[in-house]
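Subject: Handing over the structure

Dear colleague,

Please find the structure below, and have it open beside this message while you read. My notes on what was found in it follow directly after.

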Amino acid sequence: MNDGSGFDPESERQYLLQRVIAETRETGGTTGCPVLSRRVLEALAAVPRHYFVPAAQRDWAYADIPLPIGRGQTISQPFIVALMTELLAVGPDAVVLEVGTGSGYQTAVLARLVRWVYSMERIPELADAAARRLQELGYDNVTVGVGDGGQGWEEHAPFDGVIVTAAAAEIPPALVQHLKPGGRLVIPVGLPGRTQDLRLLSKDERGVMHSHSMLPVVFVPLIRDLA
Ligand code: SAH
């Protein structure tokens with residue numbers, strides 16, 4: 001549908017999907033994940049990204065790039081959102097922890113795929129705006145919290161999957177502790193201001209962690225507040 005401004009979210013979203021599919025294929029040799037599952041693609045196609053970016057950025061909402069959302073933070077690149085979601089490999093019954101709600105875009109994609117998303121954001125204004133936006137769009141299986149997500153979310157643990165959308169210098173131990181056996185943790189690891197390493201960690205049934213490097217990425221830093 002066209003709203004008269006020349007901005008047509010439907011066709012923009014189709015274009016974005018094609019870009020994400022192409023980029024997934026191009027990086028497949030490195031990630032080992034050249035194809036996205038149908039359910040992840042459907043979730044990505046269903047989330048209206050223009051609701052999650054500031055009005056001034058709306059023209060770029062369906063470009064496959066990160067965009068500023070205020071407070072020095074960014075909404076992630078859709079290809080990276082799709083890849084991280086795919087790597088998390090969570091089913092409809094899963095309960096997931098997201099660290100770094102930001103705009104709530106990744107949260108919305110996850111909410112379409114799992115039973116419940118707990119999402120922690122340390123900047124109250126961003127958390128409030130994201131929670132309101134998610135509610136307005138009808139996502140009723142999301143809880144947004146304010147605090148240091150690096151400490152996990154003990155009250156709701158353990159999780160089937162944990163996804164961190166900010167770069168951690170080191171993997172926060174609580175996130176590993178709060179993961180179920182068989183669960184996965186997807187996290188960019190490295191220092192801010194340079195390329196980080198997107199890692200997929202899985203916890204086996206004995207509780208032993210296995211780590212794989214997937215792709216060089218660039219994220220804003222995970223900021224650890226003193227407890
Ligand atoms: N998934 C988000 C990405 C937002 S950028 C989106 O697509 O919009 C990363 C976010 O992580 C920022 O909003 C930042 O404030 C938040 N963040 C940084 N350190 C954090 C921490 N320790 N706990 C929770 N959130 C944190």
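I would like to begin with A89, which sits in the loop between α3 and β3 (95–99); helices (H or I, at least four residues) and strands (E, at least two) are DSSP runs, numbered from the N terminus. A89 has a positive phi of about 50° although it is not a glycine, and its position is just after α3. With a relative accessible area of 54%, A89 is exposed, where exposed means over 50% relative accessible area, buried means under 20%, and partly exposed is in between (1.4 Å probe, protein chains only).

Before going further, please keep in mind that this is a predicted model, in which local features need pLDDT of at least 70 and side-chain atom pairs count only at pLDDT 80 or more, while totals for chains, interfaces and linings use all residues. Residues are numbered from 1 along each chain as its sequence is written, and side-chain values use heavy atoms, with hydrogens and water left out.

The chain as a whole

The protein chain contains six helices and nine strands. Its radius of gyration is 16 Å, close to the 17 Å that the globule rule gives for 227 residues, so the chain is as compact as a globular protein of that length; the radius is taken over C-alpha atoms, and the rule is 2.2 Å times the number of residues to the power 0.38. Along its principal axes, the C-alpha trace spans about 55 × 40 × 35 Å.

Of the 227 residues in the protein chain, 52% are buried.

As for charge, the chain has 20 positive and 26 negative side chains, and the centres of the two sets lie 3 Å apart. Here Lys and Arg count as positive and Asp and Glu as negative, while His and the chain ends are not counted, and each charge is placed at NZ of Lys, CZ of Arg, CG of Asp or CD of Glu.

Helix α3 and P78

P78, which belongs to helix α3, has 0% relative accessibility and counts as buried. Leaving aside neighbours within four places in sequence, P78 is in contact with L16, V20, L44, R49, A63, D64, I65 and Y105.

Y105 and the aromatic pairs

Y105 lies in helix α4 (residues 105–111) and is buried, with a relative accessible area of 2%. Not counting residues up to four places away in sequence, Y105 touches L44, V47, R49, F52, I75, P78 and V81.

The structure holds four aromatic pairs, where rings of Phe, Tyr and Trp (its six-membered ring) pair if their centres lie within 6.5 Å, with planes under 30 degrees apart counted as stacked, over 60 as edge-to-face and the rest as tilted. The rings of F52 and Y105 have their centres 5.8 Å apart and their planes at 65°, so this pair is edge-to-face. F52 lies in the loop between α2 (38–46) and β1 (67–70) and Y105 in helix α4, so the pair ties together parts that are 53 residues apart in sequence. Both F52 and Y105 are buried. Elsewhere, ring pairs link W116, Y118, W153 and F159 into a cluster.

Backbone details

Two further places deserve a look. R71, in the loop between β1 and β2 (73–75), has a phi near 60°, a positive value in a residue other than glycine. A cis peptide bond, with omega about 0°, joins A157 and P158, and P158 is found in the loop between β5 (142–146) and β6 (159–164).

Terms used:
Contact = heavy atoms within 4.5 Å.
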